[in-house]
Every structure is written in C-alpha cells, then in structure tokens.
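Here is a report on one protein chain, written for reading beside the model. Keep the sequence and the structure in view.

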Amino acid sequence: MEQKNNFSENLNQIVLNITKMERKNKENDPKFQAWIEQICDPQSELNLVPNLLTFFLDEMTKQDEKEKILKLLVKLMMLQEESITEQLLSNKNFPKVVVNYITLEDKTKMSDSAFYLLTKLFKEENFKEFINVKFIEALFDGLTVVHEEDLLIAIVSVLVEINSNYKDQDDNIFLQVHKTSSNSRVLDELLLRLLNNETSKERILKILLCLNKLMITEDSPIFYESDLESLIDIIINKLQSTYTENIKLFFMQMLAKITSYEAYYHNKYKDEEIDELMNDFLEREDQSAEVKKFSQEVVDNITNH
C-alpha cells in the first residue's frame, strides 16, 4: 500500500509539472524536454511506463486513477511518441487492457484517452485476437462519445483498416455491425471527410474498399442526399486527377452504383459533367477495358433514367 501511495504521489507531481509547462506554453523548453526524456527512459530508476501499466492493471486501482494514468500516458506519448509506443507494445497485456477499457457497458465512461492510445497503437497483428463484435461496436459508439475531430478520424481509420483485413464478405464483422449500429450514418459521413482529405494512395484505396463494400451490401443509398452529392463531387475531383488503375476502378464502380440509385434521379446532380467525363474515358485509347466498361454503365444509367 505504501508503494502504491508513493507512486500515486509521484504520478500527481508529474501531471502537475506537465500541466504547469503546458499552461506556460513551454513544452519545447530544453530543460522540460530533457526531464520528459529522463522520466520516460525505460532504463530510469523511476521505471515510469511499466509502473503506470502495473497500477492500471491492478484491480484495486479505482476508475478515476485509471483515467488519470491514461491521460498521463497520452501526454507522454505526445511528447515522446517513439519511446512510449515501444514500451506500451512491449507489454503484452496492454492491447487487451485498452480493448477492455473502451468496451465498458456504461458508454458514459468511455475514455477519449483510451481511444487515443488505441488509435495510435493499432496494428492488426497486435489486436487481432481482440477484434470481435463487441470491440467494433465500441468503436462505432466512440463516434458519438468522442468530440475531437482528429480522434474521430483516427477511429474511422481503425475501422477502415479492420475492414481491409477481411477477404470474405460473409465473415466481415465490420459490415455486420454497420447494419445494426445507430452510428452507421455518422461513420459514413466521416468516411467521406476522410476520403476527401486523404493524400496517400494506399489509404485512399482502403477507404474506397470500405465504401464499396458498404454500398454493395446495402440496396438503398448509405448517404443522405447532401452527402451523396458531396461524394459525387469527390469522385469527379479525384477522377480528374492522376490515380492508379485500382483506385480509378473503385471510383468508377461507386459512380456506377450511385447513378443506379433511384434517389439520384431527383435532380440528377451534375449529370452533364459526369456524362462528359465518362465519354472522355470512353474515347481515350489509353483507358483499360474495365474503365470503359464502367464508364459505359454510368452513361447508360444517366441516359436511361
């Protein structure tokens, strides 16, 4: 008990020191940086990160103390990301602990700090055994619990990554949860935001894979009309840029699906611009047979309705 009290005092002092420097906007002060590096050093006598994890895992540690530990780990990761990440992942219990923490039945106790650490550390190989319906439902729930924009997008990125690891659609738990979650519309809107702002071709491909699977498995549009128009704008913009064949084909498939929706024909949003773009692909000799196939499908959809 004395050891725990001593550590709790050290913990409070560390939090106090960091908070004081943050308020003074002195996080980049060389002396402060040197102190942070010292207390985060895995060879330090303080043994900070392992001790934080030990007390976090202790069943006797109260909820408010656990939250304080998580918040400190977040602050330390922001200041010493490489060192803290390595130490957290070296503890084999940590992924399980984070998953358990965000899957609490009381959604009001869901923690931004736990979501932050999860999204920073998430790699399929580290969390594979914990990916189940309850875990994915918790990620969906987090979309209306968390309010920080960057963290919301990070949660969506984890869901996109999870989806990309499923080869068989029937086994895809992400798609199953999407059909039942009350936050599915929230996710769909955030996926559009993520797609619009993403620049990495590898990540764009994963987002498109996710959107395509959702659109294929649902008979009606997964987006409200305004979001559907936003998606059309994104597709037109992206198709006018230079992308790999796979990415282009995903955009074409999505456009073919959109122009088949009855909802699209209320105002045929940008149909002339789409028709012109598709005909351009049809006339160009440098386009593949697959691209021309989907271009023709889009043109036919617009013409026949």
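## Helix α12 and its cover

In α12, the buried residues are S184, L187, D188, L190, L191, L192, L194 and L195. Buried means under 20% relative accessible area, exposed means over 50%, and partly exposed lies in between (1.4 Å probe, protein chains only). The model is predicted: local features need pLDDT of at least 70, side-chain atom pairs count only at pLDDT 80 or more, and totals for chains, interfaces and linings use all residues. Residues are numbered from 1 along each chain as its sequence is written, and side-chain values use heavy atoms, with hydrogens and water left out.

Helix α12 covers residues 184-197. Its 14 residues reach 20 Å from the first C-alpha to the last, close to the 20 Å expected at 1.5 Å a residue. The expected span is 1.5 Å times one less than the number of residues. What covers the buried residues of α12 includes α9 (133-145), α10 (149-164), α11 (173-180), α13 (201-217), α14 (225-239) and α15 (245-258).

## The whole chain

The protein chain has 17 helices and 0 strands. Both are DSSP runs, numbered from the N terminus: helices are H or I with at least four residues, strands are E with at least two. Along the principal axes, the C-alpha atoms fill a box of roughly 80 × 40 × 30 Å.

Of the 305 residues in the chain, 47% are buried. Take the contacts between residues at least 6 apart in sequence: 70% of them join residues at least 24 apart. Contact means heavy atoms within 4.5 Å.

## Helix α15

How many of the 14 residues of α15 are buried? The count is 10, and the helix is mostly covered. The buried residues are I247, K248, L249, F250, F251, M252, M254, L255, A256 and I258. What covers them includes α12, α13, α14, α16 (271-283) and α17 (289-304).

From first C-alpha to last, α15 reaches 20 Å, close to the 20 Å expected at 1.5 Å a residue.

## α4 against α7

Two packed helices are described by the angle between their axes and the distance between the axes. The axes of α4 (residues 63-79) and α7 (residues 112-121) come within 9 Å and cross at roughly 45°. Axes are lines fitted to C-alpha atoms, for helices over the stretch in contact, and angles run from 0 to 180 degrees between N-to-C directions. The two helices are therefore oblique to each other. Angles under 35 degrees count as roughly parallel, over 145 as roughly antiparallel, 65 to 115 as roughly perpendicular, and the rest as oblique.

α4 passes α7 in a left-handed crossing. Left-handed means that the near helix is turned anticlockwise from the far one by less than a right angle; right-handed means clockwise. From α4, the contact uses E67, L70, K71, L73, V74, M77 and M78; from α7, it uses S113, A114, Y116, L117, K120 and L121. By class, these are 9 nonpolar, 1 polar and 3 charged residues. Ala, Val, Leu, Ile, Met, Phe, Trp, Tyr, Cys and Pro count as nonpolar, Asp, Glu, Lys and Arg as charged, and the others, Gly among them, as polar.

## α9 against α11

α9 and α11 pack at about 55°, with axes 10 Å apart. That makes α9 oblique to α11. Their crossing is right-handed.

V133, I136, E137 and F140 of α9 meet I173, F174, V177 and H178 of α11. The contact has 6 nonpolar, 1 polar and 1 charged residues.

## α16 against α17

α16 and α17 pack at about 150°, with axes 9 Å apart. That makes α16 roughly antiparallel to α17. α16 passes α17 in a left-handed crossing.

On the α16 side, the meeting residues are D271, I274, D275, M278, N279, F281 and L282. On the α17 side, they are V291, K292, S295, Q296, V298, V299 and I302. They divide into 8 nonpolar, 3 polar and 3 charged.

Q240 lies in the loop between α14 and α15. Is Q240 buried or exposed? Q240 is exposed, with a relative accessible area of 52%. Leaving aside neighbours within four places in sequence, Q240 is in contact with E273 and L277. Q240 and L277 are 37 residues apart in sequence and 8.3 Å apart in space, C-alpha to C-alpha.

E297 is in helix α17. E297 is partly exposed, at 33% relative accessible area. E297 and K257 are 40 residues apart in sequence, and their C-alpha atoms are 9.3 Å apart in space.
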